Amino acid sequence: MHFNRRNAIKVFGAGLAAGAIAAPAVARAQSAPYKLGFISALSGPSEPLGRPMLMGAEIAVEEINAAGGINGRRLELAVRDSKAKPDVATVATRELVGEGCNMLLGTVSSAVALAISGMLQQENAILITCAAHSMRLTHENFNRNYFRITDNPFMRQGAQAKLMAELHPDVPAWGGLIPDHEYGRSTWEAFKYALNRFYPRIANRTPEIADPIFTQYGGSDYRNYVASAMRSKARGMFVSLYGGDAVTLFQQARPYGFFERKSPIVDSANEFIVSRAMRAQTPDMWVGSHWYFGAFRGNPINDRLYAAYVARTGDAFPDGFLSEGHAAVMAYAAAMKKTGGDASTPAVIDALSGLTFDSATGPRTIRAEDHQAIKPVVQYRLRGAQTPAGFEVVDFRVVPGAEVIEPPTPGAPVQW
Amino acid sequence: MSLIQAHGLTFAYPSVRVLKDVAITVEANESHVVIGPNGAGKTTLFKVLSGEIFPQAGSIRYDGEDVTRLDAWQRVHRGIGRTFQVARLFGEQTVLNNVVLALECRERINGSSAGRWWRLTPARALQEEAMERLASYGLDRRAGDAAATLSHGDKKRLELLLTLALHPKLIMLDEPTAGMAPEDRRAVVALINRLREEEGLTLLLTEHDMEVVFGLATRLTVLNYGEIIASGDPEEVRRDARVQEIYFGKGGGHA
Amino acid sequence: MPHPPQSRPFGVLTPLAAGLVLAAFATLPFWAGKGLVFLAGIVLVQIVFALSFNLMFGLTGLVSFGQAAFFAAGAYASAWLARSAPGLPFILSIAFGAAVGAALSFLIGLVALRRASGIYFAILTLALGQLIYTVIGKTTALGREDGLIGIARPVLDFGLFRVDLATGDRYYFLLVVAAAIISGALWWVWHGSLGRILAAIRQEPERVRFLGVDVRRHREYAFLISGTMTALAGALMAPWSQIITPMIAHWSYSALPILFCLLGGSARFWGPAVGAIVFAGLEHGTRNMTGMAELVVGGALLLVVLAMPGGILGTLARLSGRPAREGAR
Amino acid sequence: MLSEVLPTALNGLVWAMSVFLVASGLTLIFGILHILNFSHGGFVMIGAYLAFTVTNRVPGTASVAAFLGIAVACAVAVGAMGLVVDRVVFRRLKGVDDSYSLVATYALLLLCEGAVKSGWGGNFLSMSPPEGLGGALFVGDLFVPSYALFVIAAGVAVYLALDLWLHRTASGRILKSVALDPWMASLLGINVTAIFTVAVVAGFALAGLAGGLLAPNQSLSPALGGTYIIQAFGVIIVGGIGNVRGAFLAAVLLGLVDAFGTVYVPEFPGIFFFVAVAVIILFRPQGLLSGIR
């Protein structure tokens, strides 16, 4: 009569035991190839960001292995989904470290990056993030095991404001539509700082900056925010909503004549995600990006990466996350060449600090002080068009990172 | 001595007034039956007197104390017990545990250590008392069964047993024989009369079955459309012209 | 004199199974990988969360959809205190988390139980919970949407010697011990005199009222105990995950204990624990089936709910001929 | 300041009617079966994705008439799914605890998300309003997007149709009698199981219709199902659960509260909806209107 319960216990026991056997078995594989741990959002709302990042990393691994690997050893990726949730990412990180992956890369969300970054020293691991933008990562919350190979809001929004001062010196009145969380606020902070810095210098005018309009995250109705923006005197609009929220906002804004009254529009980081959804309805706007393949033609890494992407997907407009996943692998590869094959955490950290490595956006240098990469900031002007993709890139600009990067203050907040 | 003195009781639902300025007294050790056609307000009167709901106007004194604004559980502490038309029991629990729980509640009211919340198992003495009580009602054979499996009559008896476990002075029984077979009804009448005569309890009842009513009423009150139209000795009430007209008007013994 | 039927209050099988599971948790760091150990720590916290919740849900019959608010209150309050006063003993910050959860659940219970019942109570708690979620997300001292990061694991100071819980798996063992103690306390409440009354209130509140019990007060007790213990679970989790975000106050997090209870069987004390373990296994097993995870988890849940209406433990009990609910013995 | 009042009220109404479109089917199913269907938003989402695909695949579907036709087709398709869900899931939930149906339908929501992901992928999609609804109109001095007006009109139309059906037709009265007392209705010779099926299919068809009509309202992603569901829950509870009139009233009330809150207290976007829901339930625990109406 108690047979079934006892059986259930056996099943539990067996399950736990299976887990026990599996873990060391995977760990054994460490001796041959170098294993890199990839963690990013592969499901949930951020999946469209995490997928190209993974593809970029895979392409880099294939290229390096095809060229004979590093120091004669192959590279291998161990992939985990963070679901853009810090607790899931924490489990995945510990799991990867337990399997012998001390070199980690990836992450879309700043919350995930901060969560992993906080446990790196305890776990004796390294993380290179490909897209997480929080300034805290290289400032307040800096630690030696963390590296960022892409730009940050100070650089990105700085370059965007600088470009606006150059292209639209006659538009000094700016406003913003900002998602109400730390990323949104820090992009606005950076953009405002740079407007005040560059408009007087370049356009010879003092900018008139309206209070930003804070929006709800994950909403279905942004009409009231649109109406507030329409009432504002600001002509130029900085928008840092992302993904589906940005699509919803633009979609609901169009009939109000938003894009006739508000110009230029600056989008902080949506790559081609919004235009891929909106196609011909895509508004005319300047978009901040990690990488635009058209801006680096002639760079063999860029051209090979683009060709590999088109071959895999049939799509002509890769998002910048592709190059960042790719670049993170390139950074590890370069560091390991420098260590002569020593993949231990202290050796790789030393090698990455101050490292200059080649990427699809050209050479990047990781600052030794705060582990922030000096890399070019890319922007392009997009609009809807009768093309197969439904939109076109009208113009693009590349600003050298050194022109817009903040002074390193690891451990302390950015000085605005 | 009047155990319950209530007057001016008024209760209205949003669309209908159910009690209109009702006055009723219950004397100690009487068996007071309230009758009336369906919808006359009997159950509402019960709810108001037992504290299940509060009247919008009027006052209720119990044993000399104003209890109008006291909740049902507080009136229980003062010695009022109540059963429902459809017996309310803890169907998932065993018959024994139903009684043990009632006894534990009694111990809590008395402030005895047998009712403290941290007790893991009920006191042995309570379990034994529960078995005795079950035995005296012939329910001991079913002690280990879930209460939900009892027959209709047994459920009503068990509910009465739970109510009596708290040693009430006054018990209010809402149609104690509803849905019972004739022989069961006679047993209930005998039981109720025994409670009044031997244990000195006071009873307030509603009932539909006239045989039962006249078998146990020492006083009869007739309620019609929320108003009391007659109250007094059962035989006198039976002869009352208004009662004859609106209640027994069609000549039958049943409402 | 008649004697009560031989009561078998607590069989031998349940403690045996509980002991085995406890042993599995306690020895986990010796035979499993780091990721699994971390996950097991989270599951321990979730077990406490779900057992606390079930005291109100499965025992008393109150469906709250805002339980995550108490979890978050405990986690944030203890983490905030530990951060503001780094020298403070660990036990104080944990106690503070539980106290804040107690105060909050006392207030919400007082208001919500007075005004609403059933599905309205569920949605009222959901709305109040979402308010707390929003307030946390807008409070700078609590890190707004990004939460609190880098929460330190404490050092236990015993006067003669100190135990640094940041090293190795020590905090994990603390979690095992704490979860065992709290589960034991909850077990006591569930099976004891108070638990019997709460179970009676679920089945027939009017009868309980006419046994002289203040039903609303007792529902408030259940809500308070449940909220306090939930906050305690939250306080224990903060140093383990070392990061807390407002997501732990979100309604979707409130759905977790309900899920665990129904999966494992809310009629039995250990049901939620079984539910939490099985659900974690399901999620962990499907973690790399990206794109398929929703289909697998959703399908499995639906199957369990439709094919096993008493949850896993209820179904096991039915198959072995035991009553579906504890107490009917 | 005054110039903000009218547009804000109008935006509040757009929100209200879009949420009402979603909530109507939810409240109908609850009113009859007493199942709070968590997956309702998931089926709205499937309706929206179906509308997106048909509009993009079939040429000549840019007109308003085609748009409405597609929305009705979505209603039929999702209604058919309702038939399956009723057979496979809802019929087994009869008599079990409310919270079980909550978990079962939560599982269904996960299945909807999984299905959309495997059918359409995780990328964001966007659909334009049909020709003629893409622009804006002047109503007096007020500048109103025509699609926003359309959403308001659609919400009112669906409300009126439902209200007429429930109150003025024989089948509506049968539905109501089943909702009040299924046992009594069965004694009167009504096939209660069939009526339950009718209610589920109608509720799901309303979800499909809402999906089709709202597809151009916001971006499409597998998270869409969860976006509307909490708002719809709030609306049906505040309205008095199972009560279509109440849901309509509550949607308007909450829409206005949310809109004015957003405009006049911009520091706390999104919080007013929950404040309003909590306050209303505290003062009217059974909702604005009660019973099935």
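Chain A and chain B do not touch, and their nearest C-alpha atoms sit 19 Å apart. Chain B and chain D don't touch either; here the nearest C-alpha atoms are 13 Å apart. All of this comes from a predicted model. Four pairs of chains are in contact, and chains A and C share the most contacts among them.

The meeting of chain B with chain C involves 39 residues from chain B and 27 residues from chain C. On the chain B side, at least two residues each come from helix H2 (72–77), strand S6 (80–83), helix H3 (95–110) and helix H4 (124–136). H3(B) is the biggest giver to the side that touches chain C, with seven residues. Sorted by class, that side of chain B has 20 nonpolar, 10 polar and nine charged residues.

Now for chain A. Its secondary structure comes to 14 helices and 16 strands. The radius of gyration of chain A is 23 Å, close to the 22 Å that the globule rule gives for 416 residues, so chain A is as compact as a globular protein of that length. Of the 416 residues in chain A, 60% count as buried. Contacts in chain A that span a separation of 6 or more can also be sorted by sequence distance: 71% of them are between residues 24 or more positions apart.

Chain A is split into two domains, and each is built from two stretches of sequence: domain 1 takes 30–151 + 298–374, while domain 2 takes 154–289 + 377–404. The C-alpha centres of the two domains of chain A lie 28 Å apart. Where they meet, 13 residues of domain 1 of chain A are in contact with 17 residues of domain 2 of chain A. The domain 1 side of that meeting is made up of six nonpolar, five polar and two charged residues.

Next comes a pair of helices in chain A. Helix H12 (residues 321–339) and helix H13 (residues 345–352) of chain A pack at an angle of about 105°, and their axes are 9 Å apart. Angles of 65 to 115 degrees count as roughly perpendicular, and H12(A) and H13(A) are therefore roughly perpendicular to each other. H12(A) brings A:Ala331, A:Ala335, A:Met336, A:Lys338 and A:Thr339 to the contact, and H13(A) answers with A:Ala347, A:Val348, A:Ala351 and A:Leu352. By class, the residues of this contact between H12(A) and H13(A) are seven nonpolar, one polar and one charged.

Along the sequence, the pattern of chain D reads α-α-α-α-β-β-α-α-α-α-α-α-α. A compact globule of 293 residues would have a radius of gyration near 19 Å, and chain D has 19 Å, which agrees. Taken along the principal axes, the C-alpha atoms of chain D fill a box of roughly 60 × 50 × 35 Å. Of the 293 residues of chain D, 59% count as buried. Among contacts in chain D between residues at least 6 apart in sequence, 80% join residues at least 24 apart.

The peptide bond from A:Ser263 to A:Pro264 is cis, with omega near 0°. A:Pro264 lies in a loop of chain A, between helix H9 (258–261) and strand S10 (265–267).

Then there are two residues with a positive phi. A:Asn204 has a positive phi of about 60°, although it is not a glycine. A:Asn204 is in the loop between helix H6 (182–203) and strand S7 (208–209) of chain A. A residue is exposed if 12 or fewer other C-beta atoms lie within 10 Å of its own, and A:Asn204, with 9 C-beta neighbours inside 10 Å, therefore counts as exposed. In chain C, phi of C:Gln242 is near 65°, again a positive value in a residue other than glycine. C:Gln242 is found in the loop between helix H9 (215–241) and strand S4 (243–244) of chain C. With 22 C-beta neighbours inside 10 Å, C:Gln242 counts as buried.

Back in chain B, B:Glu183 has its place in helix H6 (residues 182–199). B:Glu183 is exposed, because it has 9 other C-beta atoms within 10 Å. From C-alpha to C-alpha, B:Glu183 and B:Thr94 are 26 Å apart in space, and they are 89 residues apart in sequence.

Note on methods. Residues numbered from 1 in each chain as written. Chains lettered and ligands numbered in written order. Predicted model: local features only at pLDDT ≥ 70, side-chain atom pairs only at ≥ 80, totals over all residues. Axes fitted to C-alpha atoms, helices over the stretch in contact; angles between N-to-C directions. Helix = DSSP H or I, 4+ residues; strand = E, 2+ residues; numbered from the N terminus. Parallel < 35°, antiparallel > 145°, perpendicular 65-115°, else oblique. Contact = placed C-beta atoms within 7 Å. Nonpolar A, V, L, I, M, F, W, Y, C, P; charged D, E, K, R; others polar. Buried ≥ 20, exposed ≤ 12 C-beta atoms within 10 Å, placed from the backbone. Domains from an automatic or database assignment. Rg over C-alpha atoms; globule rule 2.2 N^0.38 Å.
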